[in-house]
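Trainee: I have a structure open and I would like to learn how to read it. Can we go through it feature by feature?

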Amino acid sequence: MNLLSIENLAKSYGERILFSNVTFGIDEGDKIGLIGVNGTGKSTFLKEIAGVDTADSGKITVGNSVQVEYLPQNPEFDDKATVLEQVFKGHSPVMQVLRDYEQALANVEQHPEDAAWQQRLIRLSQQMDAQNAWQLENDAKTILTKLGITDFSAVVSTLSGGQRKRVALASALINPADLLILDEPTNHIDNNTVAWLEQYLAKRKGALIMITHDRYFLDRVTNRIIELDKGKLYTYTGNYSQFLELKAEREEQQEASERKRQNIFRNELAWIRRGAQARSTKQKARIERFEQLSAQTPESSQAQLEITVGASRLGRKIIELEQISQNFEDRTFIKDFSYIVLKDDRIGIVGPNGSGKSTLLNIIAGRLTPDKGQVEIGQTVKIGYFSQESTEMNQDMRVIEYIKEEAHFLPTADGGTISAAQLLERFLFSPNLQWTPIAKLSGGEKRRLFLLRILMSAPNVLLLDEPTNDLDIQTLSILEDYLEDFPGAVITVSHDRYFLDRLVDKIFAFEGKGSIKQYPGNYTDYQNRISVQEAETPSGDKKSTADKKPTAQDKPKERPRKLSFNEQREFEQIEDVIAGVEQELVQIASAINTAGSNFELLQDLTVRQQELEGRLSELLDRWTYLNELVEELSNS
């Protein structure tokens with residue numbers, strides 16, 4: 001069943017055409033991902049589908065009785081409302097009853113002797129029964145809890161920006177809708193919450209169209225991809241991985257068509273130059289065809305980043321953190337954390353929202369002094385810090401002026417230079433866009449420009465706080481290519497699992513009460529290790545059970561005839577975990593060999609080496625046990 005149809009939709013701002021002649025439809029069961037470079041009009045396109053904005057021309061037809069729910073990038077809030085009142089903001093009768101019931105319940109709790117409020121609560125309870133609203137209320141509280149909001153009576157004005165966005169997301173998810181429209185739902189939520197949302201939307205009935213730059217999310221949720229590119233809309237059936245294949249095929253076909261056009265154009269140009277006489281109808285038609293070929297503008301492919309960037313030389317000492325601790329309002333965020341940053345470090349920092357990830361980056365950057373411990377930064381270190389809050393930009397300044405204010409040229413690894421204009425173009429700022437005032441850029445384009453200015457400063461240590469927020473997929477791919485060849489240390493806070501998998505080889509995980517634990521490998525390796533640990537201790541301490549001596553009352557238990565689910569998963573993953581520990585041991589041994597006479601560093605590395613060797617011994621014992629168990633079961 002068709003829910004919504006779009007015919008010949010067009011939108012522009014001044015001379016900038018966002019899209020034109022877009023024809024498109026959404027059917028029941030569609031789960032659509034909308035992608036495109038920042039500034040192409042993705043959010044505007046969603047606003048027009050949702051009826052929030054009006055197109056310059058074209059027609060949008062919504063089916064009878066089709067309910068549409070929309071989550072914008074910057075939702076509006078009633079600052080006086082509680083969390084639940086904000087969630088139940090819809091205009092449907094069931095939403096109104098839920099709001100009235102929550103208000104009455106709060107008043108009865110505050111004034112239990114007030115008979116009028118008690119009677120009103122009873123009437124509203126009956127209406128809740130009649131409209132089957134109890135399940136909806138329970139679902140709302142469950143979703144809020146999953147999104148990290150547990151105080152349902154908190155006033156919206158007291159919440160952080162990220163918490164507000166999650167309340168708005170809960171409201172969009174809970175309101176009954178045939179078509180759900182989401183603009184960047186994965187921003188401002190941590191990795192575990194993204195994984196939960198991924199599963200929720202994949203199972204949800206009803207159509208979905210969303211903008212997200214989380215490539216794993218697109219892969220696991222969507223069954224259609226639409227791409228806005230140079231004012232045109234392209235549709236692909238399948239998830240993100242299939243989209244990449246289909247897009248490559250489309251671009252190959254376009255290149256073949258362009259080669260054919262060029263060949264025809266050269267032949268016709270030669271004919272014209274020989275002195276064509278427009279005496280016959282046939283010759284006139286040929287001249288008209290030449291003029292049409294001349295007028296056609298080939299679609300240029302986006303610039304690909306191929307930069308080997310240079311950086312200032314790093315000395316032996318980079319950044320050393322020694323027993324640092326940080327508390328805010330009697331809450332411990334970081335406790336006794338030590339680490340020595342190495343030249344080629346690629347570190348990903350993960351953990352729940354509000355756990356202290358940005359605090360750790362601020363301490364490393366020297367913007368925050370820890371309550372305890374010390375941070376030593378080497379004399380040759382030049383830090384580039386891409387924070388979540390972009391610095392204030394002069395909105396009247398042009399794009400290229402903003403970059404040149406930092407530097408006119410960036411040194412490359414081969415001893416050459418790349419100009420500000422060249423780097424801008426390789427980061428998807430076309431020559432025309434480079435002379436645009438910053439005020440006319442989209443939010444994502446401003447974020448990309450801020451990142452580019454930091455890179456233009458030629459740092460040798462990069463600190464990135466949620467660099468994937470508000471950046472489009474194409475820019476992310478360019479940034480990842482850049483960072484792979486970056487000649488220095490990179491430390492990043494990110495909830496983008498794809499980004500972490502591609503770039504990092506070490507994870508710092510915030511595990512509560514100020515504890516930061518180190519894991520070798522990328523994000524998927526880290527998740528596998530957590531799964532193995534959970535499998536080893538599914539309930540209680542296994543060692544205490546194993547060490548317990550059997551009594552006369554204990555009956556001998558037969559060995560299970562097959563592996564449990566947790567044992568099977570552990571057996572499948574344990575070799576990868578062992579390989580990761582062995583790899584880190586190799587890195588530690590290399591670091592020890594190059595430590596020279598730095599005895600403090602040698603001591604720390606030796607302690608870490610002993611810890612890893614102990615961990616490896618435990619894993620090998622466990623691997624032996626599981627292999628023997630599997631062999632015994634296969635023979636039984």
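Mentor: Start with Glu480, which is buried, with a relative accessible area of 0%. Keep in mind that this is a predicted model.

Trainee: Which helix holds Glu480?

Mentor: Glu480 sits in helix α16, residues 473-484.

Trainee: What is the general idea behind charged pairs?

Mentor: Side chains of opposite charge can pair when their charged atoms come close. Now take the case here. Glu480 and Arg502 form a salt bridge, at 2.8 Å from N to O. This pair links distant parts of the chain, with Arg502 in helix α17 (residues 497-503) and Glu480 in helix α16, 22 residues apart.

Trainee: Is Arg502 buried, partly exposed or exposed?

Mentor: Arg502 is partly exposed, because its relative accessible area is 29%. The cut-offs matter here: buried means under 20%, and exposed means over 50%. Glu480 is therefore buried at 0%.

Trainee: Which residues do salt bridges with shared partners join into one network?

Mentor: The network consists of Arg215, Glu480, Asp481, Glu484, Asp496 and Arg502.

Trainee: How many salt bridges does the count come to?

Mentor: The count comes to 20 salt bridges. Another of them joins Asp79 and Arg164, whose closest N and O atoms are 3.2 Å apart. Asp79 lies in the loop between β5 (68-71) and α2 (83-87), and Arg164 lies in helix α6 (residues 161-174), so the pair ties together parts that are 85 residues apart in sequence. Asp79 is partly exposed, because its relative accessibility is 38%.

Trainee: Now the surface. Which residues form a negative patch?

Mentor: A patch of this kind gathers like charges on residues with over 30% relative accessible area and no salt bridge. In this model, Glu245, Glu249, Glu252 and Glu255 form a negative surface patch. Find Glu245 in helix α9, residues 240-273. Glu245 is exposed, because its relative accessible area is 54%.

Trainee: Where do I find Asn8 and Asn21?

Mentor: Asn8 lies in strand β1, residues 2-13. Asn21 is found in strand β2, residues 16-27.

Trainee: How exposed are Asn8 and Asn21?

Mentor: Apply the cut-offs again. Asn8 is partly exposed, because its relative accessible area is 43%. Asn21 counts as exposed, because its relative accessibility is 60%.

Key. Residues are numbered from 1 along each chain as its sequence is written. This is a predicted model: local features need pLDDT of at least 70, side-chain atom pairs count only at pLDDT 80 or more; totals for chains, interfaces and linings use all residues. Side-chain values use heavy atoms; hydrogens and water are left out. Patches are made of residues with over 30% relative accessible area and no salt bridge: like charges are joined within 9 Å, nonpolar side chains (Val, Leu, Ile, Met, Phe, Trp, Tyr) within 5 Å. Accessible areas come from the Shrake-Rupley method with a 1.4 Å probe; for residues, only the protein chains shown count as cover. A salt bridge is a side-chain nitrogen of Lys or Arg within 4 Å of a carboxyl oxygen of Asp or Glu. Lys and Arg count as positive and Asp and Glu as negative; His and the chain ends are not counted. The place of a charge is taken as NZ of Lys, CZ of Arg, CG of Asp or CD of Glu. Helices (H or I, at least four residues) and strands (E, at least two) are DSSP runs, numbered from the N terminus. Buried means under 20% relative accessible area, exposed over 50%, partly exposed in between (1.4 Å probe, protein chains only).
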